[in-house]
Every structure is written in structure tokens, then in C-alpha cells.
Amino acid sequence: MTDLKSMLPEELETYFVQTLSEPRYRAGQVFSWLNRGVTDFDEMRNLPKSLREKLRADAFISSLRCLQIQRSATDGTQKFLWELPDGNAVETVVMRHAHGVTACISSQVGCRMGCAFCASTIGGLVRSLTAAEMLDEVLYSQRESGERITNIVLMGIGEPLDNYDAVLHFLHLVNHPDGLNIGMRHISLSTCGLTEGIRALATENLQLTLAISLHAPDDETRSALMPVNRACGVEKLVRCCEDYFAKTGRRVTFEYAMIGGVNDSTAQAQRLAALARRARAHINLIPLNRVEERTAFSPSTPAQMKAFCAVLEQQGANFTIRRSLGGDVDAACGQLRRKREDERNL
Ligand code: SAH
């Protein structure tokens, strides 16, 4: 069966012309219906019944089932748990802020990156999501929340660059003017630092924001937290970020979850500031979310964060502290960070 919703208009055109022997313009009609979130071919009212039946016999419209909605009483953040057709489940978080509504999207069921502080990786990787499934996270979030999604962050469950082709396809789908038309500048992609993927992304010429989960400025600490660092150390990763900036002109963000006694010393702040300066990166500090299964890690104390920030400040580093959103809807699961942009709260 053909996964229609994963297709870009030009792919749909090829499908209509070559596979179905139908006129090219049908592709545009179907793309538009799919991106408005129809769930059945009969809703495509400008298609003849014969074509709807032909499509039904050869293709499917991907869909999600909403298993659970949690709504924060304090800030309106909503967390959706979706069931995929094969029974697996993923989450999407919808956050409201002054300049729009952000959906935090999962790119895989589980994750194989093995970061020691993260809950997503506990059961390993089950499978990657298709482009249509990621698009559905946005479409169904809009439907369930009644809000138009204006921003997307690929910061949910999974490692987006470990699902490169589908993620790229998803980006082109949501960005398409005949689809959701979400500008690339309103999209962020977060990676644990797969350098091959970062180098490939640099050649795609997209205006999105690349976020690197750095979390430590030295190999000893980073390798203990993030197995990916054993394959490619901090030096090589930062060089890759320098190249990314040189090629795209887009400033990368260093994500830095503050973990008490692990990565929050003033010496580490010095090193972090130096790396960020080299890569011209913006630093985002996030107090670690407590994860039940990860009791070895706790957030830095406010005093330690203050001392850390003082060093960054003194070094002229470009940084913000993100305020977590949705604390009462399981933000502390560590799988999805609910946060508000650029909120300095120390
Ligand atoms: N795999 C991608 C994106 C998913 S995670 C990546 O690694 O970037 C999104 C962000 O949440 C990452 O920066 C990740 O390191 C961070 N994160 C994971 N667990 C966390 C926790 N318990 N507290 C704070 N941030 C966490």
C-alpha cells in the first residue's frame, strides 16, 4: 500500500501519472486534502468516486489515535500520547508562548543513543517514524488542541539524524506552501551530535535552527553521559559545528542540561564558553529534568547555576536559560522538554 501522506507534491504527481494513469493536477488536490488532515478518501470531495475507490485500493491515509491528553493547569502546555497503527506509542507536546504555538515532535519510537540522563533511551530503539507519522503529530496536535501550530522543534523522543531521510522529508512536507507552510526559521532540529548527519544537513541549504545536545565541554564527562561521544569527541563535534556555521550562516545552539556535580563546575563553564565562541554558538542552559529511572542525576542547585552563568557572562558567551513548561504534566520524564524560549529566570 502506498503511504500517500509521506509524499511531496512532485512525488504524488509521479504516482498519479505513472501508477494510476490519472491527470497530474489530481496530485495537488490530494496533497491539499491530506495536509488539511482528512482521514478518509470520501472527504476528498473534488475527486470523482471512481478515483476515490481506486486510491482506496492502492493507498492509505496514515492516522493516529489519541490515547491520552495531559493539560498543564498552570501554563496550558498539552502533552499528547498517540497510538501508531502498529500499536506503538509516541508523544507530542504543544506549548503556547507569546509568539506562537510550538509542537515538540518525536522522530522515533524509543532511541538507541543511550544518553545516561534521558528516559527516551531506556527501552532502546523500536523503530523510526515515517514522514507521514511525524506530519500526523502536527496535524493531530492542531486538531486536538484547536490551535494552529506555528513552530516545530524536533526534540521529542528519538534522534532525528538517526532517521535522516524521513526527517528531511517531513521538513519539506511541513514547509510546503500548499501544506502547513511552516517556515524553516520556525523549525529547530536537535541532535546528540551525529557528525555525518550534521555535515549532510549543512548541504541541504535549509534555514532551520540546528541544536546540538552538548551537555559537557570535555570528553571525559561527555563520554560518560553520552555514548555517542566515544565515537566522535567534543573537538571533532565542535569543528563540525564551525563548518556548519561557515556553510549555512546559521548559528547553532548548544543545549546544556545542568546536572549537579557532573557538568556544572566553573572550570566547565570556562571551557563551554570557549567552545561556544569558536563555533559562534548560542548556549541554552536547561536545569536537568529528574527522571525516575535515572536517580544518579539531579539538577544543579540554583546557586551552582548562578555561579556557572556568572562565568559565561564574564566570558561574553551568548546564552539563555530556558524555563521549563508543563511541570505538572510529566515534564520531568526527561523525554520531552517543555520550555519557553529565551526566558532568563536567574
Ligand atoms: N536526540 C536528540 C533530540 C531529543 S532529546 C538530541 O539528543 O538532541 C531533546 C533534548 O532533551 C536533548 O538536548 C536531550 O539531551 C535533552 N534531555 C534528555 N533528557 C533530559 C533530561 N532528563 N533533562 C533535561 N534535558 C534532557
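Biologist: Which residues does Ser223 touch, not counting those up to four places away in sequence?
Modeller: Ser223 touches Asn229 and Arg230, with contact meaning heavy atoms within 4.5 Å. Please bear in mind that this is a predicted model, where local features need pLDDT of at least 70, side-chain atom pairs count only at pLDDT 80 or more, and totals for chains, interfaces and linings use all residues. Residues are numbered from 1 along each chain as its sequence is written, and side-chain values use heavy atoms, leaving out hydrogens and water.

Biologist: Why is Ser223 called buried?
Modeller: Buried means under 20% relative accessible area, exposed means over 50%, and partly exposed lies in between, with a 1.4 Å probe and protein chains only. Ser223 has 16% relative accessibility, so Ser223 counts as buried. Ser223 is part of helix H7, residues 219-225; helices are DSSP runs of H or I with at least four residues, strands are runs of E with at least two, and both are numbered from the N terminus.

Biologist: And what makes Asn151 buried?
Modeller: Its relative accessibility is 16%, and therefore Asn151 counts as buried too. Asn151 belongs to strand E9, residues 151-154. Beyond four places in sequence, Asn151 is in contact with His97, His99, Val101, Thr102, Ala103 and His186.

Biologist: How do you know that the chain is as compact as a globular protein of its length?
Modeller: Happy to show you! The chain has 11 helices and 16 strands. Its radius of gyration is 21 Å, close to the 20 Å that the globule rule gives for 346 residues, so the chain is as compact as a globular protein of that length. The radius is taken over C-alpha atoms, and the rule is 2.2 Å times the number of residues to the power 0.38. Of the 346 residues, 58% count as buried.

Biologist: What makes a set of residues a nonpolar core?
Modeller: The members must be buried Ala, Val, Leu, Ile, Met, Phe, Trp, Tyr or Cys residues, joined through side-chain atoms within 4.5 Å. The largest such core here has 90 residues, and those with the most contacts inside it include Leu55, Phe170 and Leu312. Helix H5, residues 164-175, gives the most to this core, with 8 residues. Another core, of 14 residues, lies apart from it, with Cys111, Cys192, Ala216 and Ile259 among its members.

Biologist: Which residues does Leu55 touch beyond four places in sequence?
Modeller: Leu55 touches Leu4, Tyr15, Phe16, Leu20, Val30, Phe41 and Leu47.
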